[in-house]
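Here's a quick briefing on a protein fold. Have a look at the sequence and the 3D view, then read on.

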Amino acid sequence: MADILALDGVSKAYGAVVVAEDQGWRLAAGEALGVIGPNGAGKTSMFNLVTGTVRPDRGRIRLAGTDITDWPAARRCRAGIARSFQVPQPFGGMTVYENALVAAVHGAGLGPGAAERVCLDVLERTGLARRANQRAGGLPLLDRKRLELARALCARPRVLLLDEIAGGLTERECALLVGTIRDIRATGVAIVWIEHVVHALLAVVDRLIVIDFGRLIAEGEPAATMARREVREIYLGIEADG
Amino acid sequence: MDVTRASRLTRLAGIAGLLLVVLLALAPWWAGRADLRLLGEVFLYMALATLWNLLAGYAGLVSVGQQAYVGLGGYLLFALTILAGLPVPLALPLVLAAGAVVAVPVALLIFRLRGAYFAIGSWVIAEVFRLVAAQVAALGGGSGASLPPAVVRTLAEGRDLREAMAYWLAFGLATAVLAAAVAILRSRHGLALTAIRDNELAAKSLGIDIWRTKLLVYVAVGALTALAGALIFLQKLRISPDAAFAVNDWTAFVIFIVVIGGIGTLEGPILGTLVFFALRETMADLGTIYLIALGAVAIAVMLKAPQGLWGLIRARTGAELFPLSRKVTGIPSGS
């Protein structure tokens, strides 16, 4: 299958702090890719580079073959890249429905009628319908995270970037979330998912990449990648014996 | 599920608003000359406050240099009528257009600055405008100029009609600015602007071109502020650089109005204007004490109600007079 997203030699450093070093990886259309790595490894920075809120020092980023390295964040979203933020970034003074509407109107470029339908549908699917008229600034944390997912979906992305949306969920909620993400994937959206809740991640993704100190240290089939010695050492912080 | 914009309160407010507009449009027939002048001033401040609120409250552009446009508008009116010999009704639309034209290069310059630096930069621009105006010898240089009676007569023959015209222009501007603000905030641009108000990072990540949206707001506000300036000095009949580019009169008082009324809401600046004029009309004779009272009110509101008086009312009652927000109805109870 053709690559929907491709990174080649992408590097970014803030002074001596390297957040991405020579990163190169591919995402096939419709694929679900998991990203793991210790805290501070550069996972969220990688999302910032892909979405355009941070520009790389070197390297190129391509969306469906088009070089988007020099595009601003807004244009990348309109071209089909949407993300959720690890630390929720709601439009606090607007209602939950209006938050979704921003994404549908400006991210997906929908007209009023279509935008309304998409938003109501997404809010229903993400369990936020009953909160639709509440101000987003007053939501509890869990609903803020749901709103991150809902808003990204309303932008109708081709590539959906999810940044730790399962943390803090109960087992049941986590199972529901996994179901929701599988449904999204079934509609043909390619997904990159950063997650510490590994069992949730492994229930969805086809492939895993492991990042540490901004470098890609392993890549491959999820179970096999998790079993690799260097991954266990770095990610789980244990001395692998033998 | 469905989405509605209007509520019973916004419909009632709409009807009351229409009645009020009709009543106020008829003011020249029921108000005395002094009251008419005061009302005209109230409406010009309401327009300035609504415009500054769009800039600072929504687009996050906290300018303390809007006197640049007030003064520019005033000086352009005098230049176009006295020097170019145009009648006032023809000069006013030209002032509006010129305000927009001037705002574009100014924006390109000061949009490079952020936050406090933007605020100071905007003030510097206004000072530059003031110094330039003081160099125009044909308009009296530093000491200023008066609008000759012949020019004033191009607005209307007879003093009563002229006073009425000046009032209608001020009232018309305030109404038009409010109507435009409502229309903008209800549109997709308003959705973008409100999103920028709340969170710029999320806004750009969801497809909103922040720079372009801010530029559009800045230019539109600059143009309308210039028109307000022209109307202010049409009423005063006299202009000087210090009066035209006064940071106190055209920015500090306007910020006071917006902040105590409630920044980032349409109702706030209207309420703030009424509070400001109520204070001024009852206390202005007290001189310094009046300014101390203004400061005390500003401090009290910022400590007790940082969202302003309207923010306080809205938090208690959920009231909204303009149909801006969207309500989802028919939410299934099980979901």
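Just after α1(A), you'll find G52(A) with a positive phi of about 95 degrees. Keep in mind that this is a predicted model.

- Helix α1 of chain A covers residues 43-51, and nine of its nine residues are buried, so the rest of the structure largely encloses it.
- Among the buried residues of α1(A) are K43(A), M46(A), F47(A), L49(A) and V50(A).
- Why do residues three or four places apart point the same way in an α-helix? It's because an α-helix has 3.6 residues a turn.

**The sheet**
- Four strands of chain A make an open, antiparallel sheet, in the order β2-β1-β4-β5.
- β2 (17-28) and β5 (66-67) of chain A sit at the edges with a single partner strand each, so one side of each has no neighbour in the sheet.
- Strands β1 (residues 3-14) and β4 (residues 58-63) of chain A pair antiparallel over five bridges.
- S11(A) has R58(A), in β4(A), as its bridge partner.

**The whole chain**
- Chain A has nine helices and 10 strands.
- Its C-alpha trace spans about 55 × 40 × 35 Å along the principal axes of chain A.
- A compact globule of 242 residues would have a radius of gyration near 18 Å, and chain A agrees with 18 Å.
- Buried residues account for 51% of the 242 in chain A.

Methods. Residues numbered from 1 in each chain as written. Chains lettered and ligands numbered in written order. Predicted model: local features only at pLDDT ≥ 70, side-chain atom pairs only at ≥ 80, totals over all residues. Helix = DSSP H or I, 4+ residues; strand = E, 2+ residues; numbered from the N terminus. Rg over C-alpha atoms; globule rule 2.2 N^0.38 Å. Buried ≥ 20, exposed ≤ 12 C-beta atoms within 10 Å, placed from the backbone. Pairing = 2+ DSSP bridges.
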